[in-house]
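The sequence and structure are shown first.

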Amino acid sequence: ERSVRHAYLCRVVVELTWLQPAIFPIALVTGVSNLVNFYLPSLVPAARENFSRWLGFHLTNTDYQWPGAYWKHWATYFKDQETSKRSSRREFVLRSLIIMCRNLSEPTLLVEKCLPQGSPLTRYLCVGTSVVATEETTASELESRIWTRNEDPDLLRAYLVSEVVPSDTEPWWRTKALVRALLATAIKDRNNTRAAIEKAAMTKTDDEDAMDESPPVVTEDVLGVTIENFVRYKTVVLAVLEQDGEDSGGTSANSEAALLKSAKDCFDGDDDGMLACCVESLLQNEIVSIQGILAFCFESGCGITQWWELASTCFQVAFEAFKETTQQESGFGGIMLDTTGGDDDAAEGDKTMEKAEQLIKWAEPLVQSVVEQVYKALSQVESSSKNKFTAQEVDLVEGLKRFLLSIKSFVVSELTTTEREARSMWDKSEMSATRLLASKTSSSASAAAELLDAILEQGNF
């Protein structure tokens, strides 16, 4: 199967590493080094992300066998960290470390077994500074009501939207305080993890006797209890979004984007795994909408470089809800295109084609909305050169390609076991590259937008 071929290749590389430890690892290290030094900047964001995921997977499954000299060299990519200038090599190393850290129950193992002694890269295993525990009056009060007193949602809603709560001039202050309180356990867990990593880095250079004290142990499912409380206090979240939206004069999508931005800020931007799970759960429980998530992805300064993954998740979650609703009404489920022939088969095929057209018609608005958002974002990017694209322009252009390909693959897999008929239907639909290009509402205001025009004209999406 083409969709899982990479999984087999990853396992083969791991087995070859263990089978010929004196030969294969040397060739592998040389290949990775050449790729990082000469080709990494030219890789599209999705390819660079896959490269990081592979390296994280490989090192985790080979007992972190990697030359210390390479880690020391890669640490030099972090010396110049201008916030306005992104580095493909720095992002590659950073993503590899985060992925390895995410796959471990004890991230301190990376300090003890993976990185060289005294490596400055240890500070990037948990990016950013520790998030300070809730200090604001409103946020600390909400945290106590939610986690200590387990207050009834109706009482909490009445408290938050009443005049008793100290007002704040900062926009979306209720939303930020509530999100901070609901994520309190996740924030504490993240800070404990960071403290454990910092301690492991210190004790690695000091006496081994200092290792006696164990790092904090997590005794609960942080993600599970966080999502459970979001669902329990759903009415509170919706009431706060509505109230803050009225105060700021924004739309419901703006309110939802502010909620997601507050959640992202709580993790200082490094825990995209936790953020993605929260976004998916909020969408499934109808706390946020697809438009709100898209507004969050394309918000200026948001920093979501893998936006197409969240957009694809939106599509899949929304489709599952659509399929369940439609199946109850007209038996939508179980779409398979039958090409074996026969009168009965032909009648069934017509019925299936009708359902397939229904699916494509349902998907068109979402796909078109993403395309328009990308063009709008491209028109707002300030590019210093017409001959060289900024990292943000590359993320937008390549991200849209990845989004369209993932949606096409998803639709095809839902429609048929053979791809020919479904691909033909896609190309005739309003989501074909030519029609998307013709129906876009934004003008091409940058060289990247013109490039995207050309890609859509030539692409077989």
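Glu 286 is situated in the loop that joins helix 14 (272-284) to helix 15 (290-297), where helices are DSSP runs of H or I of at least four residues, numbered from the N terminus. Although Glu 286 is not a glycine, its phi is positive, at about 60 degrees. Glu 286 is exposed, with a relative accessible area of 61%; exposed means over 50%, buried under 20%, and partly exposed in between (1.4 Å probe, protein chains only).

The model is predicted, so that local features need pLDDT of at least 70 and side-chain atom pairs count only at pLDDT 80 or more, while totals for chains, interfaces and linings use all residues. Residues are numbered from 1 along each chain as its sequence is written, and side-chain values use heavy atoms, with hydrogens and water left out.

**Salt bridges**

Asp 63 is another residue other than glycine with a positive phi, near 60 degrees. Asp 63 is placed in the loop between helix 3 (45-61) and helix 4, and its relative accessible area of 39% makes it partly exposed. The side chain of Asp 63 also meets that of Lys 113 in a salt bridge (2.7 Å, N to O), a term that requires a side-chain nitrogen of Lys or Arg within 4 Å of a carboxyl oxygen of Asp or Glu. Because Lys 113 belongs to helix 6 (residues 108-114) and Asp 63 to the loop between helix 3 and helix 4, the pair ties together parts that are 50 residues apart in sequence.

The whole structure contains 18 salt bridges, including the three in the table.

| Salt bridge | N to O distance | Relative accessible areas |
|---|---|---|
| Glu 15 and Arg 11 | 3.5 Å | Glu 15 46%; Arg 11 36% |
| Glu 49 and Arg 95 | 2.8 Å | Glu 49 4%; Arg 95 15% |
| Lys 113 and Asp 63 | 2.7 Å | Lys 113 42%; Asp 63 39% |

Glu 15 and Arg 11 lie four residues apart in helix 1, about one turn of the helix. Glu 49 and Arg 95 meet in a salt bridge that links distant parts of the chain, with Glu 49 in helix 3 and Arg 95 in helix 5, 46 residues apart. Both Glu 49 and Arg 95 count as buried. A network of salt bridges links Arg 48, Arg 86, Glu 91 and Asp 395.

**Aromatic pairs**

There are 14 aromatic pairs in the whole structure; rings of Phe, Tyr and Trp (its six-membered ring) pair if their centres lie within 6.5 Å, and planes under 30 degrees apart count as stacked, over 60 as edge-to-face and the rest as tilted. Trp 74 and Phe 92 form an edge-to-face pair because their ring centres are 5.8 Å apart and their planes stand at 80 degrees. Trp 74 is in helix 4 (residues 68-75) and Phe 92 in helix 5 (residues 88-102), so this pair ties together parts that are 18 residues apart in sequence. Trp 74 is buried at 2% relative accessible area, and Phe 92 is buried at 0%. In the pair of Phe 298 and Trp 307, the ring centres are 4.8 Å apart and the planes at 50 degrees, so the pair is tilted. Phe 298 and Trp 307 are both buried.

Ring pairs also join Phe 51, Trp 54, Trp 66, Tyr 70, Trp 71, Trp 74 and Phe 92 into a cluster.

Notes
Helices (H or I, at least four residues) and strands (E, at least two) are DSSP runs, numbered from the N terminus.
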